[in-house]
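Good morning, colleagues. Please look at the sequence and structure as they come up, and I shall then take you through a few of their parts.

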Amino acid sequence: MRILLLSLLLAFTLGPVAALAGDKPKVVYHVADEDKVSFALNNIKNHLAGVGGGDNIEIVLVSHGPAVKRFNDIEAVDRVRNGIAELQEQGVTFEACANTLEALGLAPDELLPGFKIAEEGGVTRITELQGQGYAYIRP
(Lines give C-alpha, C1' and ligand atoms only; values in the text may rest on other atoms or scores of the structure.)
Protein backbone atom coordinates (compact mmCIF):
# COMPACT_ATOMS: atom_id res chain seq x y z
CA MET A 1 0.00 0.00 0.00
CA ARG A 2 2.84 2.40 0.84
CA ILE A 3 4.46 1.74 -2.53
CA LEU A 4 1.21 2.51 -4.31
CA LEU A 5 0.75 5.76 -2.38
CA LEU A 6 4.36 6.77 -3.02
CA SER A 7 3.96 6.01 -6.73
CA LEU A 8 0.82 8.13 -6.93
CA LEU A 9 2.47 10.98 -5.05
CA LEU A 10 5.46 10.93 -7.39
CA ALA A 11 3.24 10.83 -10.47
CA PHE A 12 1.32 13.91 -9.37
CA THR A 13 4.37 15.84 -8.23
CA LEU A 14 6.69 14.96 -11.05
CA GLY A 15 4.05 14.97 -13.80
CA PRO A 16 4.38 18.71 -14.52
CA VAL A 17 8.19 18.42 -14.46
CA ALA A 18 8.04 15.53 -16.92
CA ALA A 19 5.86 17.64 -19.24
CA LEU A 20 8.50 20.36 -19.27
CA ALA A 21 11.34 17.89 -19.79
CA GLY A 22 9.64 16.06 -22.68
CA ASP A 23 9.73 16.92 -26.35
CA LYS A 24 6.51 18.88 -26.25
CA PRO A 25 4.99 20.80 -23.40
CA LYS A 26 1.39 19.85 -22.62
CA VAL A 27 -1.13 22.41 -21.40
CA VAL A 28 -4.76 22.27 -20.34
CA TYR A 29 -6.69 25.51 -20.53
CA HIS A 30 -9.78 25.71 -18.31
CA VAL A 31 -12.70 27.99 -19.14
CA ALA A 32 -15.92 28.11 -17.14
CA ASP A 33 -16.95 31.75 -17.43
CA GLU A 34 -18.90 32.72 -20.53
CA ASP A 35 -17.23 36.13 -20.71
CA LYS A 36 -13.74 34.54 -20.69
CA VAL A 37 -14.12 32.40 -23.82
CA SER A 38 -12.71 34.92 -26.31
CA PHE A 39 -9.93 35.80 -23.88
CA ALA A 40 -9.00 32.11 -23.49
CA LEU A 41 -8.99 31.57 -27.26
CA ASN A 42 -6.72 34.58 -27.70
CA ASN A 43 -4.40 33.26 -24.97
CA ILE A 44 -4.14 29.94 -26.79
CA LYS A 45 -3.44 31.72 -30.09
CA ASN A 46 -0.65 33.72 -28.43
CA HIS A 47 0.67 30.59 -26.70
CA LEU A 48 0.92 28.77 -30.05
CA ALA A 49 2.70 31.75 -31.61
CA GLY A 50 5.09 31.88 -28.66
CA VAL A 51 6.21 28.28 -29.09
CA GLY A 52 6.37 28.35 -32.87
CA GLY A 53 3.07 26.61 -33.66
CA GLY A 54 1.01 23.58 -32.84
CA ASP A 55 3.74 21.10 -33.75
CA ASN A 56 5.64 22.22 -30.65
CA ILE A 57 2.93 21.86 -27.99
CA GLU A 58 -0.16 19.88 -27.01
CA ILE A 59 -3.07 22.05 -25.90
CA VAL A 60 -6.49 20.97 -24.65
CA LEU A 61 -9.21 23.45 -23.72
CA VAL A 62 -11.76 22.00 -21.30
CA SER A 63 -14.96 23.96 -20.82
CA HIS A 64 -17.80 23.61 -18.36
CA GLY A 65 -20.47 25.78 -16.80
CA PRO A 66 -21.76 28.87 -18.59
CA ALA A 67 -18.78 28.93 -21.00
CA VAL A 68 -20.20 25.94 -22.86
CA LYS A 69 -23.05 28.15 -24.15
CA ARG A 70 -20.50 30.00 -26.32
CA PHE A 71 -19.67 26.73 -28.11
CA ASN A 72 -23.25 25.96 -29.13
CA ASP A 73 -23.15 25.79 -32.93
CA ILE A 74 -26.30 27.86 -33.37
CA GLU A 75 -25.39 30.50 -30.77
CA ALA A 76 -21.65 30.84 -31.48
CA VAL A 77 -20.54 34.14 -32.93
CA ASP A 78 -18.29 34.08 -35.98
CA ARG A 79 -15.28 35.23 -33.96
CA VAL A 80 -15.53 32.19 -31.68
CA ARG A 81 -16.44 29.82 -34.52
CA ASN A 82 -13.51 30.97 -36.68
CA GLY A 83 -11.09 31.12 -33.76
CA ILE A 84 -11.82 27.54 -32.78
CA ALA A 85 -11.51 26.31 -36.36
CA GLU A 86 -8.09 28.01 -36.70
CA LEU A 87 -6.88 26.57 -33.40
CA GLN A 88 -8.11 23.09 -34.30
CA GLU A 89 -6.07 23.31 -37.51
CA GLN A 90 -3.02 23.76 -35.27
CA GLY A 91 -3.88 20.69 -33.23
CA VAL A 92 -5.72 22.20 -30.26
CA THR A 93 -8.32 19.86 -28.79
CA PHE A 94 -11.61 21.19 -27.41
CA GLU A 95 -13.68 19.33 -24.82
CA ALA A 96 -16.98 20.18 -23.15
CA CYS A 97 -18.31 18.84 -19.86
CA ALA A 98 -21.02 16.18 -20.26
CA ASN A 99 -22.65 17.30 -17.00
CA THR A 100 -22.94 20.87 -18.26
CA LEU A 101 -24.40 19.72 -21.57
CA GLU A 102 -27.08 17.81 -19.68
CA ALA A 103 -27.80 20.78 -17.39
CA LEU A 104 -28.13 23.10 -20.39
CA GLY A 105 -30.24 20.63 -22.33
CA LEU A 106 -27.72 20.48 -25.18
CA ALA A 107 -26.81 17.40 -27.20
CA PRO A 108 -23.14 16.87 -28.12
CA ASP A 109 -23.95 17.40 -31.80
CA GLU A 110 -25.18 20.91 -30.99
CA LEU A 111 -21.61 22.01 -30.24
CA LEU A 112 -19.25 23.42 -32.82
CA PRO A 113 -17.64 20.79 -35.05
CA GLY A 114 -14.75 18.81 -33.59
CA PHE A 115 -15.69 19.18 -29.91
CA LYS A 116 -15.08 16.13 -27.77
CA ILE A 117 -17.16 15.37 -24.70
CA ALA A 118 -15.57 15.04 -21.26
CA GLU A 119 -17.89 12.19 -20.27
CA GLU A 120 -16.64 12.07 -16.70
CA GLY A 121 -17.15 15.83 -16.27
CA GLY A 122 -15.02 18.86 -17.00
CA VAL A 123 -13.24 19.21 -13.68
CA THR A 124 -12.56 15.48 -13.56
CA ARG A 125 -11.05 15.68 -17.05
CA ILE A 126 -8.86 18.61 -16.05
CA THR A 127 -7.57 16.68 -13.05
CA GLU A 128 -6.91 13.66 -15.25
CA LEU A 129 -4.88 15.76 -17.69
CA GLN A 130 -2.90 17.33 -14.86
CA GLY A 131 -2.08 13.82 -13.65
CA GLN A 132 -0.72 13.13 -17.15
CA GLY A 133 1.66 16.07 -16.85
CA TYR A 134 -0.39 18.85 -18.41
CA ALA A 135 0.30 22.31 -17.01
CA TYR A 136 -2.89 24.09 -15.91
CA ILE A 137 -3.91 27.55 -17.13
CA ARG A 138 -7.16 29.33 -16.31
CA PRO A 139 -7.34 32.69 -18.07
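Thr100 lies in helix H4, residues 98-104; helices (H or I, at least four residues) and strands (E, at least two) are DSSP runs, numbered from the N terminus. Thr100 is buried, at a relative accessible area of 11%; buried means under 20% and exposed over 50%, with a 1.4 Å probe and protein chains only. Apart from neighbours within four places in sequence, Thr100 is in contact (heavy atoms within 4.5 Å) with His64, Gly65 and Val68.

This is a predicted model, in which local features need pLDDT of at least 70 and side-chain atom pairs count only at pLDDT 80 or more, while totals for chains, interfaces and linings use all residues. Residues are numbered from 1 along each chain as its sequence is written, and side-chain values use heavy atoms, leaving out hydrogens and water.

I turn to helix H2, residues 37-50. Which of its residues are buried? They are Val37, Ala40, Leu41, Ile44 and Leu48. Down the axis of H2, these buried residues fall within an arc of 100°, taken from the directions from the helix axis to the C-beta atoms, so they line one face of the helix. On the other side of H2, Ala49 and Gly50 are exposed. The cover over the buried residues of H2 includes strands E1 (26-31) and E2 (58-63). After H2 comes Gly52, with a positive phi near 85°.

Finally, the sheet. Its 5 strands form an open sheet in the order E4-E3-E2-E1-E5, with parallel pairing; two strands pair if DSSP finds at least two bridges between them. E4 (116-118) and E5 (135-137) stand at the edges, each with a single partner strand.

Technical notes
The expected span of a helix is 1.5 Å times one less than its number of residues.
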